[in-house]
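Open your viewer, get ready to select residues, and follow along stop by stop.

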Amino acid sequence: MKDYSEKRDFHRMQVNSEIDITDSQGNRFTGVCRNLSAAGMQLYVGREIAVGEELQTILHPTSDQFPPLETACEVIRCEPEGDGYLLGTNISEVTR
């Protein structure tokens with residue numbers, strides 16, 4: 001049984017890497033992927049994104065040994081933080 005402090009099904013990895021994002025209208029922008037799990041990502045972006053918005057993302061690796069991680073994800077949370085917004089997303093599909 002899981003300890004109360006960790007109720008998640010998947011552990012999160014701290015990433016803090018630049019991520020390319022495309023919204024459902026085709027607008028492209030960059031953000032920072034702060035952490036990643038098998039089910040979702042936490043992203044920091046410069047503009048507010050509506051809950052329910054579908055995003056396409058490309059997370060580039062820090063090494064040439066691995067291909068980029070490309071996903072389709074849904075925004076489930078958008079909260080102001082500093083000069084930007086912190087997004088909680090669910091990964092609906094790993095496209096590459």
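Buried means under 20% relative accessible area, exposed means over 50%, and partly exposed is in between (1.4 Å probe, protein chains only). This is a predicted model, where local features need pLDDT of at least 70, side-chain atom pairs count only at pLDDT 80 or more, and totals for chains, interfaces and linings use all residues. Residues are numbered from 1 along each chain as its sequence is written, and side-chain values use heavy atoms, with hydrogens and water left out.

**Stop 1: Asp 23 and Arg 47.** Select Asp 23, which counts as buried at 7% relative accessibility. Its side chain meets that of Arg 47 in a salt bridge, 2.8 Å from N to O. A salt bridge is a side-chain nitrogen of Lys or Arg within 4 Å of a carboxyl oxygen of Asp or Glu. Asp 23 is in the loop between β1 (13-22) and β2 (28-36), and Arg 47 is in the loop between β3 (40-45) and β4 (54-59), 24 residues apart. Strands (E, at least two residues) are DSSP runs, numbered from the N terminus.

Arg 47 is partly exposed, at 33%.

**Stop 2: Glu 81 and Arg 34.** Here is another salt bridge, with the closest N and O atoms 2.6 Å apart. Glu 81 lies in strand β5 (residues 69-81) and Arg 34 in strand β2, so the pair ties together parts 47 residues apart in sequence.

**Last stop: Arg 96.** How many salt bridges does the whole structure hold? The search finds four, including Arg 96 with Glu 70 at 3.4 Å.

Note on methods:
Helices (H or I, at least four residues) and strands (E, at least two) are DSSP runs, numbered from the N terminus.
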